[in-house]
Amino acid sequence: MRRFLARRLAHGAAVIFIAASLSFLLVHLAPGDPFSSTLDSAAISPSAKAAWRAAYGLDRPLAEQYVRFLGQLARGNLGPSHLQPGPASAALADAVPNTLVLMGTALVLSFLIGIAVGSWQAARAGSRGDRVMGATSLIIASLPEFWLAAMLLLVFAYRLRFLPAGDVIDRVMYESMSPAGRLLDRLRHLALPALTLALLSSASIARYQRAALLDVLPQDFIRTARAKGVSDRLVLWRHALRNALLPTIVLLGLSLPTLLGGAVFVEQVFSWPGLGRLATAAFHARDYQVVLGATLMGAVLVVVGGIVADLLHAAVDPRVRAR
Amino acid sequence: MTTSVRQDVLTAPRAPDGTAAFDRAIATSPWRSALGVLARDPSAIVGMCILLVLALTALAAPVVAPYDPRAQPDILALKHLPPSLGHPFGTDYLSRDVLSRIVYGSRVSLSVAFLSVVVAATIGMGYGAIAGYVGGKLDNVMMRVVDALLSIPRVLLLIAVAALWWDKLGLPGLVLLLGLTGWFEVSRLVRALVLSAREDEFVTAARALGATDTRILVHHVLPQVVSPVLVAATLAIGNVIVIEAGLTYLGMGVRPPNASWGSIFNDGMRDVAGAWWVSVSAGAALVITVLAVNLVADGLRQALNARQLPAR
């Protein structure tokens with residue numbers, strides 16, 4: 001297990017190193033530099049521009065800049081955010097927890113819904129209920145995240161006035177709420193964005209779960225269990241599902257990039273102050289440091305999440321550890 | 001594999017139940033047999049019909065659209081009109097007819113998605129074929145790079161590149177950008193297929209006969225890669241339509257005066273509580289298209305027997 005962990009960590013570190021190098025390359029392939037949009041004005045003298053660029057090391061040879069960039073990055077320093085006060089890393093530190101809460105809730109919900117629906121379908125494969133559910137999940141999987149988010153917003157927040165329209169908390173009333181009230185307020189704000197993300201990814205999880213169970217159900221040990229007189233329900237939930245969960249656990253790590261990508265749009269619709277909304281705002285403000293920082297942070301979240309998912313997989317399936 | 005099927009067809013005249021042991025079409029051409037399976041799949045046919053109608057609508061936009069999509073007849077009296085007979089999908093905040101805008105928007109949405117997937121599939125096939133065929137250290141390095149690129153959520157990668165290149169990003173630039181961020185999975189798929197095809201005995205035979213690497217790759221290995229890539233590319237079209245619309249909604253994709261379904265959705269979000277019909281109809285166009293693409297992709301997957309591909 002320890003060797004498995006070490007190999008997985010080394011792979012993750014290599015991936016993040018390559019991602020960082022690519023983002024450096026990307027910035028230097030692009031026309032101009034991070035300062036051109038803010039500094040390229042006739043009102044600023046050439047010497048002042050040169051002084052600014054020299055202060056951030058942009059006049060140094062590319063190789064030196066690259067080493068410096070990696071060194072700074074290793075210390076968590078992404079450079080100054082030149083359109084909002086404070087370093088870029090501070091803006092990221094505010095946004096990441098919100099995204100983690102949103103994604104974590106959506107992940108748990110989507111796997112619960114997906115596994116339940118997929119198993120339900122597999123237990124009655126070929127029936128009308130199975131086909132209706134299959135068609136429903138195909139339709140849900142075809143919905144754009146931002147559109148489903150907007151529709152839920154329209155119905156539950158604007159029409160029914162049942163849930164708040166955006167943000168993580170009620171900025172006006174939050175301070176005067178009791179602890180229980182605050183928790184409820186957070187949950188009410190979390191409900192729609194988390195449900196949007198969860199519904200969308202649960203559709204593909206259900207399809208996987210159904211297929212995985214259908215692979216397990218014809219196997220010999222299931223027939224043995226049936227022959228021993230174990231009830232259908234117990235066979236499904238105790239014997240078959242335990243084995244059919246393995247492919248679904250692999251999906252856990254693989255679904256992270258899509259989930260984080262979807263979160264970018266959902267955060268925008270529900271004004272959820274997370275990584276995606278920060279990246280969007282920074283994009284419109286031409287704040288390259290924050291945009292790149294958010295992108296790299298997204299990669300780190302995906303890589304770390306992938307390692308956790310792999311460890312989980314190794315914990316339940318000894319064959320993975322041996323590989 | 002194809003040779004052995006032909007052998008069987010020649011030697012097995014009849015199956016015990018009296019039907020032909022093999023459909024002759026299967027033996028003559030895998031493509032024709034795939035087409036046969038596809039023609040018997042009702043949901044794939046529905047999907048193809050929808051796509052055909054959409055493509056024709058896009059081509060004949062000036063004939064189909066009831067109004068000029070950019071005309072703003074009266075931005076005070078005629079703005080945000082709810083759906084009616086004159087304006088089936090209502091009007092938007094500039095009094096433009098939403099139906100006409102969606103009809104014209106399909107040109108941008110569909111062509112951007114299609115072209116960028118062509119770009120992505122081409123790059124992905126080339127990259128994956130080289131990695132899989134050369135193998136060894138080069139393969140290792142090339143695949144680690146793909147791992148790194150895949151670990152960055154595509155939307156965030158697009159935001160980063162769009163931020164850096166924004167001033168030069170017209171429609172061709174957007175196609176290129178979506179293509180350049182879309183080939184990673186294709187390359188992984190192609191590499192895996194090439195890696196297994198390389199071990200096939202007829203490839204060894206071709207090499208023994210003195211075929212060059214290029215000839216083996218083009219004539220013996222790549223033909224086996226085409227059908228899985230076709231399925232992946234079909235799925236990717238549905239994905240890219242949504243991603244383009246999403247980017248445009250975030251203000252990073254198609255820019256005025258061009259308008260895709262994403263632009264119309266974005267216009268509607270200015271006042272979604274009041275004039276819901278703008279975003280709802282733009283979204284409905286997106287959903288119907290993506291659903292049709294997914295139905296066709298599902299049908300293709302079964303017809304081409306490319307089951308190793310992930311479901312969306």
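Of the 323 residues of chain A, 39% count as buried, in what is a predicted model. Chain A holds 14 helices and zero strands, so that, by the rule that helices and strands are DSSP runs numbered from the N terminus, its elements read from that end as α-α-α-α-α-α-α-α-α-α-α-α-α-α. Taken along the principal axes, the C-alpha atoms of chain A fill a box of roughly 85 × 55 × 35 Å. Among the contacts in chain A with a separation of 6 or more, 73% are accounted for by residues 24 or more positions apart.

### The contact between the chains

The contact takes 43 residues from chain A and 41 residues from chain B. On the side of chain A that touches chain B, two or more residues are given by each of the elements α1 (2–29), α6 (128–141), α7 (145–159), α8 (179–216), α11 (256–269), α12 (275–284) and α13 (288–316) of chain A, and the largest share of that side, nine residues, comes from α13(A).

### The nonpolar core

The largest nonpolar core has 169 residues, and those with the most contacts inside it are A:Ala149, A:Ala279, A:Val291, A:Ala294 and B:Ile159. Helix α12 (residues 213–249) of chain B gives the largest share of this core, 18 residues. One of the residues with the most contacts inside the core, A:Ala294, is in contact with A:Leu92, A:Leu275, A:Leu278, A:Ala279, A:Ala282 and B:Leu156, once its neighbours within four places in sequence are left aside.

### A helix pair in chain B

Within chain B, helix α7 (residues 136–151) and helix α10 (residues 184–198) pack at an angle of about 145°, their axes lying 9 Å apart, and α7(B) passes α10(B) in a left-handed crossing. To this contact α7(B) brings B:Met143, B:Val146, B:Leu149 and B:Leu150, while α10(B) brings B:Phe184, B:Glu185, B:Ser187, B:Arg188 and B:Arg191.

Key
Residues numbered from 1 in each chain as written. Chains lettered and ligands numbered in written order. Predicted model: local features only at pLDDT ≥ 70, side-chain atom pairs only at ≥ 80, totals over all residues. Axes fitted to C-alpha atoms, helices over the stretch in contact; angles between N-to-C directions. Helix = DSSP H or I, 4+ residues; strand = E, 2+ residues; numbered from the N terminus. Left-handed = near helix turned anticlockwise from the far one by under 90°. Contact = placed C-beta atoms within 7 Å. Core = buried A, V, L, I, M, F, W, Y, C linked by C-beta atoms within 7 Å. Buried ≥ 20, exposed ≤ 12 C-beta atoms within 10 Å, placed from the backbone.
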